[in-house]
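Visitor: Please put the sequence and the structure up, and then take my questions one at a time.

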Amino acid sequence: MMVKRQLALVLVSTMALLGVACGGGEIPQADTPPPPPPAETTPPPAETTPPPAPTAAAPAPEAAPAPAAEPAPAPKPGKERIVGQWQFDLSGEPRAAAEAEAKKKAGKDEKKYAALIKETEDAAAGEWVEFTADSMYVSHITEKGKDKVILKVKYEVAKDENGAIVMKPSGKDEISKKEMPKDLEIAVTFKDDKTIELKDPKKKMTLVFKRKS
């Protein structure tokens, strides 16, 4: 019995040795992990030259001051502005009066009314006045196509301010040879350099004149 047990142990041991021999020799060793790669070394940052500090911009040259505007010339006095020739303008009160007179004469006759107005306009176109540099007032009309002076008298400027003058005839009218009324005054207003309004002391209405020259 003892012999059988020993024999069995020998068989087991022999089988174990055979099993090892059939495995191809040495027992493989466990895989060794590869060594870690060498750590990458970051090169030190290159030295950079700091940008130059900004320099202050040179101040712009100061603009030369604009030349002072020349003051507007003082307006001429009325006694100088009035000098020249002035054409009568049939407008305003004179025209309204002429139309009323023509309507009164013509009644419902439109042709007659138109003829009367045309006659008045033609007469007005031939009327003009002149103020000379030596203070003479000359009144003109056109008669039968010819110029005719109906009044020529010396005048004095009694008032000259704010675009208006007041004139007073002095002495005699050289045409009629009559003495002018001493209390007569004629007011003239400048609407602009080319238009004046003259108050007719006889007709009691404002007359408009446009500069001819």
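**Contacts, strands and a pocket**

Visitor: Which residues does D89 touch, not counting residues up to four places away in sequence?
Guide: Contact means heavy atoms within 4.5 Å. With residues up to four places away in sequence left out, D89 touches V208, F209 and K210.

Visitor: What should I know about the model and its numbering?
Guide: Residues are numbered from 1 along each chain as its sequence is written, and side-chain values use heavy atoms, with hydrogens and water left out. This is a predicted model, in which local features need pLDDT of at least 70 and side-chain atom pairs count only at pLDDT 80 or more, while totals for chains, interfaces and linings use all residues.

Visitor: How far apart in space are D89 and K210, C-alpha to C-alpha?
Guide: D89 belongs to strand β1, residues 84-89; strands (E, at least two residues) and helices (H or I, at least four) are DSSP runs numbered from the N terminus. In sequence, 121 residues separate D89 from K210. In space, C-alpha to C-alpha, the separation is 6.6 Å.

Visitor: With which side chain does the side chain of D89 make a polar contact?
Guide: A polar contact is a pair of N or O atoms within 3.5 Å; within protein, one must be able to donate a hydrogen and the other to accept it, and residues adjacent in sequence count only if both atoms are side-chain atoms. For the side chain of D89, such a pair is found at 2.7 Å, and the partner is the side chain of S91.

Visitor: Is D89 buried, partly exposed or exposed?
Guide: Buried means under 20% relative accessible area and exposed means over 50%, with partly exposed in between (1.4 Å probe, protein chains only). The relative accessible area of D89 is 27%, so D89 is partly exposed.

Visitor: Is T195 buried or exposed?
Guide: T195 is in strand β7, residues 195-200. Beyond its neighbours within four places in sequence, T195 is in contact with W86, T189, F190, V208, F209 and K210. Its relative accessibility is 8%, so T195 counts as buried.

Visitor: In what order do the elements run from the N terminus?
Guide: The protein has 4 helices and 8 strands. Starting at the N terminus, they run α-α-β-α-α-β-β-β-β-β-β-β.

Visitor: Which residue in the hairpin of β2 and β3 takes a positive phi?
Guide: Most residues other than glycine have a negative phi. The hairpin has 4 residues between its strands. The residue with a positive phi, near 65 degrees, is S135.

Visitor: What is the relative accessible area of K144?
Guide: β3 and strand β4 (residues 146-161) pair in the antiparallel sense over 8 bridges, and K144 is in the loop between them. K144 is not a glycine, yet its phi is positive, about 55 degrees. K144 is exposed because its relative accessible area is 83%.

Visitor: What is the bridge partner of I165 in β6?
Guide: β4 and β5 run antiparallel and are joined by 7 bridges, and D160 has I165 as its bridge partner in β5. β5 is also joined to strand β6 (residues 186-192), again antiparallel, by 4 bridges. There, the partner of I165 is V188.

Visitor: How much space lies in the largest pocket?
Guide: On a 1 Å grid over the protein atoms alone, a pocket is an open set of points where a 1.4 Å probe fits, with protein on both sides within 12 Å along at least five of seven lines; lining residues have an atom within 4 Å of a point. Grid points are joined across faces, edges and corners, and a volume is the space filled by probe spheres set on the points. For the largest pocket this comes to about 930 Å³.

Visitor: How many nonpolar residues are in the lining of the largest pocket?
Guide: The lining has 34 residues, with Y137, S139, D200, K203 and L207 nearest the centre. Ala, Val, Leu, Ile, Met, Phe, Trp, Tyr, Cys and Pro count as nonpolar, Asp, Glu, Lys and Arg as charged, and the others, Gly among them, as polar. The lining has 3 polar and 5 charged residues, and the nonpolar count is 26.

Note on methods
Pairing = 2+ DSSP bridges.
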